[in-house]
Amino acid sequence: MINRRTFSKAVGLGTGAAAVSLSGLQTNASAATAGQQSGTAVPTVPTITPGTHTEFPVIKQVKAGLLDVGYAELGPAHGPVVICLHGWPYDIHSFVDVAPLLAAQGYRVLVPYLRGHGSTRFLSRHTPRTAEQSAIALDIIAFMDALKIHKAVLAGFDWGSRTADIIAALWPERVKAMVSTSGYLITNRKAQLAPAAPGVEHTWWYQWYFATDRGKKAMENVDDRLALCRYVWTLVSPNWNFDDATYQRTAQAFLNPDYAAIVLFNYRWRISLVEGERRYDRYEKLLAAQPPIGVPTVTLDAALDPFTAPGDGSAYRSHFTGPYEHRTIANIGHNLPQEAPTVFAQAVVDADHL
């Protein structure tokens, strides 16, 4: 298991979405159930075809903590906030359909580039290019502070899920509700030292590759890096027939000057090949205890994601102690928000009503 898109001119991304079947959604709780639990009717997100939208209207920048963070923003300025968090090897375009869907529901949607991605830059050349799990979470706390956002719904996948999980566990007062794809992803470095089943080890081939000088050279060479990341897309989302333009839009984020350093550090740190900065030690000590998460949460597992099969959520259910629903999404791979944006956006709305 990984430790690891109705639309009005107001949202600036166009109209004319075609319908897509939701027959692939398998869930142990419906939106109606969520509405009954909260005592309010839960809006139904309109169904659209993945890939309906291709670009965000504008990318903004804000100085936050150690970073100058690049981010997309859609929806009313005073709407309830949803922060969408991407993973690796992806970027904010994983939410290019999700964001306008949520904006049309009245949410202020923020989609930041994580450190080392896109237009996000370190403010100082002296800041170590590290990527401990707590460092990335603190980046998002600083991002919220810079925009004067006290509390938000967090929704993510991959690195984004881990980041949302950490914030919900350590700073629950900042999280109204959460959608976590793949469930509980807070890294237990001690557990990572033990061998896993052969199939699991095989799935994590690139982590071991990044631990070598050869893998480091591949990440530091732009052509090799882009080829590797595209190959990962094909492996972890076997049913996603993305085109060259879709990949190239995201791959621009991989040209960040700190991209290789951040990715290599993150994966090497997880398996204790490098140590993190001392400034994060107290947070990592708390996370090593695998703290529970009590905020309202919807967890999603993509049935074709090699990291979460069979996707029933049972392996991590005990970590969530608050209002909770789990859903397994059939015929979808690892990049769930971009492959199934309507399903992901509905999960966000439902989590907000738990």
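This is a predicted model: local features need pLDDT of at least 70, side-chain atom pairs count only at pLDDT 80 or more; totals for chains, interfaces and linings use all residues.
Glu277, for its part, counts as buried, at 13% relative accessibility.

Arg129 sits in the loop between strand 6 (121-122) and helix 3, and Asp258 in the loop between helix 10 (244-251) and helix 11 (259-270), so the bridge ties together parts that are 129 residues apart in sequence. Asp258 is buried, with 11% relative accessibility. Glu325 and Arg327 also meet through their side chains, here at 2.7 Å from N to O, and both of these residues are buried. Lys60, Glu73 and Arg108, meanwhile, are linked in a network of salt bridges.

Helix 3 (residues 133-146) holds Ser134, a buried residue with a relative accessible area of 1%. The side chain of Ser134 makes a polar contact of 2.6 Å with that of Glu284. Leaving aside residues up to four places away in sequence, Ser134 touches Ile166, Tyr280, Tyr283, Glu284 and Leu287.

Over in helix 14 (residues 341-352) lies Phe344, buried with a relative accessible area of 0%. Beyond residues up to four places away in sequence, the contacts of Phe344 include Phe95, Val98, Leu300 and Pro337. Phe344 and Ser180 are 164 residues apart in sequence, yet their C-alpha atoms are 10.0 Å apart in space.

Notes: Residues are numbered from 1 along each chain as its sequence is written. Side-chain values use heavy atoms; hydrogens and water are left out. Helices (H or I, at least four residues) and strands (E, at least two) are DSSP runs, numbered from the N terminus. Buried means under 20% relative accessible area, exposed over 50%, partly exposed in between (1.4 Å probe, protein chains only). A polar contact is a pair of N or O atoms within 3.5 Å; within protein, one must be able to donate a hydrogen and the other to accept it, and residues adjacent in sequence count only if both atoms are side-chain atoms. Contact means heavy atoms within 4.5 Å. A salt bridge is a side-chain nitrogen of Lys or Arg within 4 Å of a carboxyl oxygen of Asp or Glu.
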